[in-house]
Amino acid sequence: MTLKQGRQLQTVLLGALAWLVALTIFFPIFWMLLTSFKTEIDAFATPPQLFFTPTLENYLEIDERSDYFHFAWNSVVVSFGSTLLGMLLAVPAAYSMAFFETKRTKSTLLWMLSTKMLPPVGVLVPIYLLFKDAGLLDTKTGLVLIYTLINLPIMVWMVYTYFKEIPKEILEAARLDGATALQEIYRVLLPISKGGLASTVLLSLILSWNEAFWSLNLTASSAAPLTALVASYSSPEGLFWAKLSAVSTLACAPILIFGWLSQKQLVRGLSFGAVK
């Protein structure tokens, strides 16, 4: 076997492995979509049926039982609101840590990241009482605040990493031209690191959209997002897999479509600074 043939074989094997991993990851989504078009009898059939007569009865029942667009709108408002607020806080914080480092910068970053290791249930009671006293229970404002707080450490770390890849000489040149700190961020840093910032925004949107613990414990109906809608189809009477798959498909579809359309920007942002 020649060297060229060996490289071609390696490329084919790596491609096959990549497809295998991709199919493994995609299979649960495919099966959820397939189950959503089954009747409850077909969904519980053993062995599972790949060929069946599709039906829309699950989606029709969800439409009759729940106001899907109400929950979807709450998810959109809370996800985009928390992401916007998080970026407004993360960018200045990362700017100061990346370009004006002190002895405590590293320890502060590690402390922020360590808060992600804390089990959410450990702070549920104090957060619940604070929200109750502040009148934030079952409000979109309350969810925006809590989602911002839980995602802020990751956002600061990501933006900090992107800013560290930018040579300080660029900012020094801007200062010589009389630029203020705000002008440095807005006119210099943001255009250069827009790929990295875009990936941070996308990750925050995904994390906020999928967050279930706080939405289930801090909302009832008025501000409940799609994660709460999905949980409402799990009842003491049992799990109705067909209906649960249908509502899960409706909850996942918007963020999956959004992620698919923005995948190029996400990959570009995640690889920002990898090649100089």
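Tutor: A word before we start: a helix here is a DSSP run of H or I with at least four residues, and helices are numbered from the N terminus. Keep in mind too that this is a predicted model.

Student: Thanks! How many helices and strands does the protein have?

Tutor: There are 14 helices and two strands. The C-alpha atoms fill a box of roughly 75 × 70 × 30 Å along the principal axes.

Student: What makes Phe26, Phe27, Ile29, Phe30, Leu50, Phe51 and Leu256 a nonpolar patch?

Tutor: Patch members need over 30% relative accessible area and no salt bridge, and nonpolar side chains are joined within 5 Å. These seven residues form such a patch on the surface, with about 710 Å² of accessible area together. Helix 1 (residues 3-36) gives the largest share, four residues.

Student: Why is Leu256 called partly exposed?

Tutor: Buried means under 20% relative accessible area and exposed means over 50%, with partly exposed in between. Leu256 has 41%, so it falls in the middle class. This residue sits in helix 13 (residues 241-261).

Student: And Ser36, how do you know whether it is buried or exposed?

Tutor: Its relative accessibility is 0%, under the 20% limit, so Ser36 counts as buried. Ser36 belongs to helix 1. Setting aside residues up to four places away in sequence, Ser36 touches Thr55, Asn58, Tyr59, Ala242, Ser245, Ala246 and Thr249.

Student: Why do we say that the buried residues of helix 5 are on the same side?

Tutor: In helix 5 (residues 105-114), the buried residues are Thr105, Leu109 and Met112. They cover an arc of only 60° around the axis, which puts them on the same side of the helix. They pack against helix 4 (68-99) and helix 7 (140-164).

Student: Which exposed residues are on the face of helix 5 turned away from its buried side?

Tutor: Leu110 and Trp111 are the exposed residues carried there.

Student: Helix 7 came up just now. Why is Asn151 called buried?

Tutor: Asn151 lies in helix 7. With 5% relative accessibility, it is under the 20% limit and therefore counts as buried. Beyond its neighbours within four places in sequence, Asn151 is in contact with Lys116, Ser204, Leu207 and Ser208.

Student: Which residues does UniProt list as "transmembrane region"?

Tutor: The unreviewed UniProt entry lists several spans, including 184-207 and 240-261. In the model, residues 184-207 are 96% helix and 0% strand, with end C-alpha atoms 29 Å apart. Residues 240-261 are 95% helix and 0% strand, and there the end C-alpha atoms are 32 Å apart.

Student: And what share of the residues in the protein is buried?

Tutor: Of the 276 residues, 36% are buried. The accessible surface comes to about 16,800 Å², and 70% of that belongs to carbon and sulfur atoms.

Technical notes: Residues numbered from 1 in each chain as written. Predicted model: local features only at pLDDT ≥ 70, side-chain atom pairs only at ≥ 80, totals over all residues. Heavy atoms only, no water. Buried < 20%, exposed > 50% of the residue type's maximum accessible area, 1.4 Å probe, protein only. Arc of directions from axis to C-beta. Contact = heavy atoms within 4.5 Å. Patch = residues over 30% accessible without salt bridge, like charges linked within 9 Å, V, L, I, M, F, W, Y side chains within 5 Å. Areas by Shrake-Rupley, 256 points an atom, 1.4 Å probe, with all protein chains shown as cover. Salt bridge = Lys/Arg side-chain N within 4 Å of Asp/Glu carboxyl O. UniProt positions renumbered as here; feature names shortened; annotations may be inferred.
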